[in-house]
Every structure is written in C-alpha cells, then in structure tokens.
Amino acid sequence: LEAAQHLARRLLSDVALYHGDELADGVRRGKPFSSLGSAVEAARELYLQACGRAEVFESELERFADRLLERGGARKADA
C-alpha cells in the first residue's frame, strides 16, 4: 500500500510540476485539477498500468487537492 501511495503522489507531483500555472489558477478557483483533465487522466492510466489500485490513486488525488487548497487559503490569509 505504501509503495502504491508513493507512486500516486509522485505522478500527481509531476502533473503539478509540468502544469504549475494551470494548477495555480485552479487553486484560486477552488478546483485545483479542473483544467488538467487530460494530464490527470494520463497519470491515472500510468498508475493503473503499474498498480491497478484505482481507489489508492483517487484517494491520493483527493488528498493532494485538499493540501493545495489548504496552502492556497493560507496564502490568501497571509496577504
């Protein structure tokens, strides 16, 4: 389970790295991955080919989005 979670986080981090501007825009709108459907879908497909544990990927996607929104909210409060 830990390896599966790590892989999901790694793939999602890569999406964030390569699509930072779109991700930041999504965070401002409250939906971090809203404009990254194809990138997230590509990460999901790679993950499923490697692990086949869709529930783990979806859980990590939700946790990642929640963390991004928390950080975005903290930045707004600091401004």
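Of the 79 residues of the protein, 32% count as buried, where buried means under 20% relative accessible area, exposed means over 50%, and partly exposed lies in between (1.4 Å probe, protein chains only). The model is predicted: local features need pLDDT of at least 70, side-chain atom pairs count only at pLDDT 80 or more, and totals for chains, interfaces and linings use all residues. Residues are numbered from 1 along each chain as its sequence is written, and side-chain values use heavy atoms, with hydrogens and water left out.

**Overall architecture**

The protein has four helices and zero strands, and the order along the sequence is α-α-α-α. The radius of gyration is 13 Å, close to the 12 Å that the globule rule gives for 79 residues, so the protein is as compact as a globular protein of that length. This radius is taken over C-alpha atoms, and the globule rule is 2.2 Å times the number of residues to the power 0.38. Helices (H or I, at least four residues) and strands (E, at least two) are DSSP runs, numbered from the N terminus. Along its principal axes, the C-alpha trace spans about 40 × 25 × 15 Å.

Among contacts between residues at least 6 apart in sequence, 63% join residues at least 24 apart; a contact means heavy atoms within 4.5 Å.

**Surface and charge**

The protein exposes about 5,200 Å², of which carbon and sulfur atoms supply 51%. Accessible areas come from the Shrake-Rupley method with a 1.4 Å probe, and for residues only the protein chains shown count as cover. There are 12 positive and 14 negative side chains, and the centres of the two sets lie 3 Å apart. Lys and Arg count as positive and Asp and Glu as negative, while His and the chain ends are not counted. The place of a charge is taken as NZ of Lys, CZ of Arg, CG of Asp or CD of Glu.

**Helix 2**

Helix 2 covers residues 20-29, and its buried residues are L23, G26 and V27. Seen down the helix axis, these buried residues fall within an arc of 105 degrees, so they line one face of helix 2. The arc is that of the directions from the helix axis to the C-beta atoms. On the other side of helix 2, D21 and R28 are exposed. Just after the helix, G30 takes a positive phi of about 85 degrees.

**Individual residues**

Helix 3 (residues 37-50) contains R44, and V40 is found in helix 3 as well. Leaving aside neighbours within four places in sequence, V40 is in contact with V15, F33, F57 and L61. H6 has its place in helix 1 (residues 2-18), and R28 belongs to helix 2.

The relative accessible areas of these residues are as follows.

| Residue | Relative accessible area | Class |
|---|---|---|
| V40 | 6% | buried |
| R44 | 17% | buried |
| E58 | 33% | partly exposed |
| H6 | 45% | partly exposed |
| R28 | 55% | exposed |

**Separation in sequence and in space**

Several C-alpha pairs relate sequence separation to distance. V40 and L12 are 28 residues apart along the chain, and their C-alpha atoms are separated by 7.4 Å. For H6 and L36, 30 residues apart along the chain, the C-alpha separation is 21 Å. R28 and L69 lie 41 residues apart in sequence and 8.3 Å apart in space, C-alpha to C-alpha. Finally, E58 and E45 are 13 residues apart in sequence, with 12 Å between their C-alpha atoms.
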